[in-house]
Amino acid sequence: MTTETSFETDFWKDEQLRKTWDDIVPGEPRKTLPYTLTLEAIQKYCRVVGDMHPLYFDEEYARKSPYKGLIAPPAIHILLMFACTPTDDWMRSPGTVNAGQSWSYNLPARPGDVIRLEARALDKVIKKNRLFVVHDNVFFNQRDEVICSGRGWTIRPF
């Protein structure tokens, strides 16, 4: 019997634990968790988003490619953002809206990589009666190589 890492789908479950607007301190690193990226998680993500490229599923094909093995798609950072973030993080608050993002991809994540996230709020501002947070995120593998990095803008719930 194999065990699968499950992700919480009840976004309200830990609402009372989450940091509030006043707890967000620009420049302060966010607490994050390491995450071991499995082939199962990569392939499950790919199936959900409909990306069935053989680089993610066919070992022989991937071995003959410039990558020399199976990889995760660049957009795997979406899964990693939640996998590397504890339940009390302000980014997980229900009602948070993605207001934009920009990502740079350096090298592919691979099955078995232990992913580490360094993240922080850069700024927060109230504009037109909305709470905005600008934040950056950098994902590393176990060799401290940058997989991808990005800057995002979110609108926070009151």
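A: Let me begin with one term: a contact means that heavy atoms lie within 4.5 Å of each other. Among the contacts in the protein with a separation of 6 or more, 68% are accounted for by residues 24 or more positions apart.

Q: Where does the model come from, and how are residues numbered?
A: This is a predicted model, in which local features need pLDDT of at least 70 and side-chain atom pairs count only at pLDDT 80 or more, while totals for chains, interfaces and linings use all residues. Residues are numbered from 1 along each chain as its sequence is written, and side-chain values use heavy atoms, with hydrogens and water left out.

Q: How many helices and strands are there, and in what order do they run?
A: The protein has 3 helices and 5 strands, where helices (H or I, at least four residues) and strands (E, at least two) are DSSP runs numbered from the N terminus. Starting at the N terminus, the order is β-α-α-α-β-β-β-β.

Q: What about the overall dimensions?
A: Along the principal axes, the C-alpha atoms fill a box of roughly 55 × 35 × 25 Å. The radius of gyration is 17 Å, which agrees with the value near 15 Å that a compact globule of 158 residues would have; the radius is taken over C-alpha atoms, and the globule rule is 2.2 Å times the number of residues to the power 0.38.

Q: And how much of the protein is buried?
A: Buried residues make up 37% of the 158 residues, where buried means under 20% relative accessible area, exposed means over 50%, and partly exposed lies in between, with a 1.4 Å probe and protein chains only.

Q: Switching topic, where is Lys68, and what is its phi?
A: Lys68 sits in the loop between helix H2 (59-64) and helix H3 (77-83), and its phi is near 60 degrees, a positive value in a residue other than glycine. Lys68 counts as exposed because its relative accessibility is 61%.

Q: What does Tyr67 touch?
A: Tyr67 lies in the loop between H2 and H3, and, leaving aside neighbours within four places in sequence, it is in contact with Leu55, Ala62, Pro108 and Arg110. Tyr67 counts as partly exposed, since its relative accessibility is 35%.

Q: Last one: is Thr85 buried or exposed?
A: Thr85 counts as buried because its relative accessibility is 4%. Thr85 is placed in the loop between H3 and strand E2 (97-105), and, apart from neighbours within four places in sequence, its contacts are Arg30, Leu33, Arg92 and Leu117.
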